[in-house]
Every structure is written in structure tokens, then in C-alpha cells.
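Subject: Handing over the structure

Hi,

Here is the structure I promised to pass on. Have a look at it first, and then read on for what turned up.

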Amino acid sequence: SGGGEATLGDHNIVPNYFVQNQAEDLDPNLSALETLIDAAPDAKINDLKALLGKMMFSGEAMNRKAGVLSGGEKARLAMAKFMT
């Protein structure tokens, strides 16, 4: 069996790769919100806050440092970062 070929259509899709240990690459000194600002500096702050809210980071949870988040919270933050 041979190789293959992947072709992207005209859907404004940007390919990306989410590695299984993505949460380990979070800066433990940055808050959840700072993590997204760092990942997407040109994004609107309210859009980043809305994304964090959808990932169950609301209110003060957005200001918690990545280093003190639980494993599940880190995974959700890594997914949010991936989505920016």
C-alpha cells in the first residue's frame, strides 16, 4: 500500500496539530487569560474571554495561573489556546 495525498479545499481552514501532552507546554506563570493573549495577541480581549467562558473558565478562574490548575483545567486551557 502506497502513500497518499491530502488536499485542502477553499474553506479558509488552517491545519493545526494538537499533541496529547499539549497541557505540559503551558507557561505555569501565566493566567488562563494571559495564555490566550500570548497565543493570539491580535484577538479582541472580549473574544478571548468568551472562549474561556465556553471552556468553563468564568470570572476569577480566568485569572488563575496555569501552574495551579487541575489536569482537566489545563487540558481545557490547552484546547482553548489551540482554538485561538
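This is a predicted model: local features need pLDDT of at least 70, side-chain atom pairs count only at pLDDT 80 or more; totals for chains, interfaces and linings use all residues.

You'll find A32 in helix α1. Leaving out residues up to four places away in sequence, A32 touches L52, F57, A61, M62, R64 and L77. If you want a distance to check on screen, take A32 and Q20: they are 12 residues apart in sequence, and their C-alpha atoms are 19 Å apart in space.

With a relative accessibility of 5%, S31 counts as buried, since the cut-off for that is under 20%. Its contacts, again not counting residues up to four places away in sequence, are M62, N63, R64 and K65.

Now for the helix itself. Which residues of α1 are buried? They are A32, L33, T35 and L36. Looking down the axis of α1, you see these buried residues fall within an arc of 160 degrees, so they line one face of the helix. Among the elements that cover them are α2 and α3.

Helix α2 runs over residues 45-54, and its buried residues include L48, L51 and L52. Why are they on the same side of α2? Because they cover an arc of only 100 degrees around the axis. On the face turned away from that buried side, α2 carries the exposed residues N46 and K54. The cover over the buried residues of α2 includes α1 (32-39) and α3 (71-83).

Next, how these helices meet.

α1 and α2: the two axes come within 10 Å and cross at roughly 125 degrees. That angle makes α1 oblique to α2. The crossing, as α1 passes α2, is right-handed. On the α1 side the contact is made by A32, L33, L36 and I37, and on the α2 side by I45, L48, K49, L51 and L52. Sorted by type, the residues of this contact between α1 and α2 are 8 nonpolar, no polar and 1 charged.

α1 and α3: here the axes come within 9 Å and cross at roughly 25 degrees. Angles under 35 degrees count as roughly parallel, so α1 is roughly parallel to α3. This crossing of α1 past α3 is right-handed. A32, T35, L36 and A39 of α1 make the contact with L77, A80 and K81 of α3. The residues in this contact of α1 with α3 divide into 5 nonpolar, 1 polar and 1 charged.

Two residues of α3 are worth a click. One of them is L77, which lies in helix α3. L77 is buried, with a relative accessible area of 0%. Which residues is L77 in contact with, leaving aside its neighbours within four places in sequence? The answer is L26, A32, T35, L36, L52, F57, A66 and L69. Along the chain, L77 and P15 are 62 residues apart, and 19 Å separates their C-alpha atoms.

The other is A75, also placed in helix α3. A75 has a relative accessible area of 38%, so A75 is partly exposed. Although A75 and Q20 are 55 residues apart along the chain, their C-alpha atoms are separated by 9.3 Å.

One last stop, for the backbone. What follows α2? M56 does, and its phi is positive, near 70 degrees. Most residues other than glycine have a negative phi. M56 has its positive value although it is a residue other than glycine. You'll find M56 in the loop between α2 and α3. With a relative accessible area of 59%, M56 is exposed, the cut-off for that being over 50%.

L52 is one of the buried residues of α2, and L77 is in α3. Finish at M56, in the loop between α2 and α3.

Over to you, and happy browsing!

Definitions and conventions: Residues are numbered from 1 along each chain as its sequence is written. Side-chain values use heavy atoms; hydrogens and water are left out. Buried means under 20% relative accessible area, exposed over 50%, partly exposed in between (1.4 Å probe, protein chains only). Helices (H or I, at least four residues) and strands (E, at least two) are DSSP runs, numbered from the N terminus. The arc is that of the directions from the helix axis to the C-beta atoms. Contact means heavy atoms within 4.5 Å. Axes are lines fitted to C-alpha atoms, for helices over the stretch in contact, and angles run from 0 to 180 degrees between N-to-C directions. Angles under 35 degrees count as roughly parallel, over 145 as roughly antiparallel, 65 to 115 as roughly perpendicular and the rest as oblique. A crossing is left-handed if the near helix is turned anticlockwise from the far one by less than a right angle, and right-handed if clockwise. Ala, Val, Leu, Ile, Met, Phe, Trp, Tyr, Cys and Pro count as nonpolar, Asp, Glu, Lys and Arg as charged, and the others, Gly among them, as polar.
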